[in-house]
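Dear colleague,

I am handing over the structure discussed for your set, and below it you will find my notes on what was found. Please read them alongside the coordinates.

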2 protein chains.
Amino acid sequence: MTYELYYWPGIQGRGEFIRLALEQAGADYRDVAREPDGMSAMLHLLEDEAQPYPPFAPPFLRDGEFLIAQTANILLYLGGHLGLAPTDEAGRLWTHQLQLTLIDFLVEIHDTHHPIAGGLYYADQKTEAARRAADFRANRLPKFLGYFEQLLDANPAGAGWLVGDTLTYADLSLFQTLAGLYYAFPRAMATVQDDCPHLAALHDRVLALPRINAYLGSERRLLFNEEGIFRHYPELDP
Amino acid sequence: MTYELYYWPGIQGRGEFIRLALEQAGADYRDVAREPDGMSAMLHLLEDEAQPYPPFAPPFLRDGEFLIAQTANILLYLGGHLGLAPTDEAGRLWTHQLQLTLIDFLVEIHDTHHPIAGGLYYADQKTEAARRAADFRANRLPKFLGYFEQLLDANPAGAGWLVGDTLTYADLSLFQTLAGLYYAFPRAMATVQDDCPHLAALHDRVLALPRINAYLGSERRLLFNEEGIFRHYPELDP
């Protein structure tokens, strides 16, 4: 069965968390909206009122007749089917809990450059963005990073992964979050990195996974840019 | 087994979505942080580095030895255990997907009065809040409400619930969202209500559930106030 991923072409965005899981599992998938006529296929699905499970927004994933949306929900589904999460209830929910916390973090990262409205340009909300980003750098960034650093430090399995001694999709998502932050906030990250050795090690450990490494060097991996969630605006990272 | 809910006392907040599910199921639970010394018990759990599943933030729920956080994750867990969600994979994930979309909506509702920083007072970000709330009323509120209205309209089971022909926790959460919006944005809601008859009917249907009705009239139900997520600031709803 070929999975079909639907997400805005041109940005990593939330779709990237799904791509990393599919790539690490070696799953057969299509990135539909990046194919010719793929955008119209995606918009058609979004507007199709006959869908039994209509998504509110991309990303969504089609697996046969099943259409599933919400990034964390897709990973909850794929985690079980691709072997990227524990199979017991406690482990499955814990992995999902970490993913939901990473998504909360992601919203706050996005809102550093769009604190007023997603429908407006950054240029239309630069003053507010500067204020929000300052609070983000001072308070929210260290709080979220400190939480995940502490988890890695306290994991009794001690293998450097978030959940037990095995890679899960939460590790891939934490890697993506860190990679995005290194891109968007290099100066702020430099000031906290000495306090986060486990995070840096996890980033490098994921980077060295053969399938992830091959993916990141391929044309399938989009580059970070100033259309996505992680944007490098020097004035927001002084 | 008595469930233990931990959430900031004094506000409905995210904890209310959990309370409504527990109340509708007739579950035995304690609202720990509202009990004497409950706040210190909650803070102790939040700071306990020996916890195998440490939460990032309230709410969290203790069920025996199991500690689970993230509102939608708690409901995913309770939905199965309390009979408030389908038991098949597709139905379970669809109900969860709706909950995650309601949580996205909730974040945007919150950020109308706190667009810059959760750690600052509303008075410190009133100018930005006015701008964000204007976009929310014009664009985001109708988009989210229209999505759920359309779901109710298209549900082939036609019983007035979101998922199939049976009440789920997603209906309770949609009720809470609507109740909060009626409180916070009465004028904006008045302008959209003619377009959303199914939402109004769902609100009233949940309100009439005997256990929910008894709960809402009890002292266990906190009132909406200007410390919570849904705040009525007339200047944000002109």
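Helix α1(A) lies across β1, β2 and β3 of chain A and runs at about 160° to β1(A), where helices (H or I, at least four residues) and strands (E, at least two) are DSSP runs numbered from the N terminus, and where angles run from 0 to 180 degrees between N-to-C directions of axes, that is, lines fitted to C-alpha atoms, for helices over the stretch in contact. The model is a predicted one, in which local features need pLDDT of at least 70 and side-chain atom pairs count only at pLDDT 80 or more, while totals for chains, interfaces and linings use all residues. Residues are numbered from 1 along each chain as its sequence is written, and chains are lettered from A and ligands numbered from 1 in the order in which they are written.

The strands of chain A include four that form an open sheet with mixed pairing, in the order β2-β1-β3-β4; two strands pair if DSSP finds at least two bridges between them. At the edges are β2 (29-31) and β4 (66-69) of chain A, each of which pairs on one side only. Strands β1 (residues 3-6) and β3 (residues 60-63) of chain A run antiparallel and are joined by three bridges, and Glu4(A) stands opposite Arg62(A) in β3(A).

An automatic or database domain assignment divides chain A into domain 1 (3-82) and domain 2 (89-221 + 228-236), and the C-alpha centres of these two domains of chain A lie 21 Å apart.

Best regards

Note on methods: Contact = placed C-beta atoms within 7 Å.
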